Amino acid sequence: MNGQPGSPGLDDPRVILDRLANANHGLAPIVINPDQLGDDSRDPLCLDTARGNVETYIMKDVVPWVKSHFHVLQDPADWSIMGFSNGGMCAAYFGAKYPETFGNFVDISGDEHQGVDEAGTVDKVFGGDQGAYESFWPVNVMARETYPDSSAVFAVGAGDDQAIPGVKKTFDAAVAAGIHSTYTEIAGSAHDNTALDGGLTAGYALIFARTGWA
């Protein structure tokens, strides 16, 4: 899932996946690039709110559609969700909340939580209920769920001073929750395509290892 502002696109994943497929007898994962934003000027928080039903879209539309239209493996260990920036937070949220669907998640330069860059989210979306708002934060979802077989990759640009603290907090929460996790800072990058490509490469390495391809 892409960042905000942003829109779906597979240019970066395609280059990395082609390289991996060439090295692994043509094998590469099926990649779906859903649009969690719609209007990229408005952040729907990857939740079901008055701003849109993103959680329903992913879990009730996208996931069943993939299962019914593609010859895909069903085990959660073979399913991954990943994203960059806003999409990285989304990936951490869905991976944290739905381990029975997504056995792997990849948070690349992700926001620490929903609405982190928008002042007044708790009032605008949650009617001033701070507790309700914080209950959706990935770190708090991880604290109350159990993870018998989940893996995660956290990656961020080494020069991304704004994103690093939040990614580290989410990584620490994942480790505390029992999720098999790695944290990587991508050298020579900030909040940019170099960080995205480095995070995708680390994420696909996890996916290939979990599927037994590498």
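A disulfide here is a pair of cysteine sulfur atoms within 2.5 Å. This is a predicted model, where local features need pLDDT of at least 70 and side-chain atom pairs count only at pLDDT 80 or more, while totals for chains, interfaces and linings use all residues. Residues are numbered from 1 along each chain as its sequence is written, and side-chain values use heavy atoms, with hydrogens and water left out.

**View 1. The disulfide of Cys 46 and Cys 90.** A search of the whole structure turns up 1 disulfide. The sulfur atoms of Cys 46 and Cys 90 sit 1.9 Å apart, and the link is right-handed, with 95° about the S-S bond. It ties together distant parts of the chain, 44 residues apart: Cys 46 is in the loop between α1 (11-23) and β1 (48-49), Cys 90 in helix α3 (residues 86-97). Helices (H or I, at least four residues) and strands (E, at least two) are DSSP runs, numbered from the N terminus.

**View 2. The kink in helix α2.** Helix α2 (residues 54-69) kinks by about 25° at Val 62, shortly before the proline Pro 64. The bend at a residue is the angle between axes fitted to the seven residues ending there and the seven starting there. Val 62 is buried, as are Val 54, Glu 55, Ile 58, Met 59, Val 63 and Val 66 of α2. The buried residues of α2 pack against β1, β2 (52-53) and α3; contact means heavy atoms within 4.5 Å.

**View 3. The largest nonpolar core.** Such a core is a set of buried Ala, Val, Leu, Ile, Met, Phe, Trp, Tyr and Cys residues joined through side-chain atoms within 4.5 Å. Leaving out residues up to four places away in sequence, Met 142 touches several residues, including Ala 92, Phe 105, Tyr 147 and Ile 179. Apart from this core lies another, of 12 residues, among them Phe 84 and Leu 206.

**View 4. The lining of the largest pocket.** Its 43 lining residues include Ile 30, Val 31, Ile 32, Ser 80 and Met 82, which lie nearest the centre. On a 1 Å grid over the protein atoms alone, a pocket is an open set of points where a 1.4 Å probe fits, with protein on both sides within 12 Å along at least five of seven lines; lining residues have an atom within 4 Å of a point. Helix α8 gives the most to the lining, with 6 residues.

Conventions: Buried means under 20% relative accessible area, exposed over 50%, partly exposed in between (1.4 Å probe, protein chains only).
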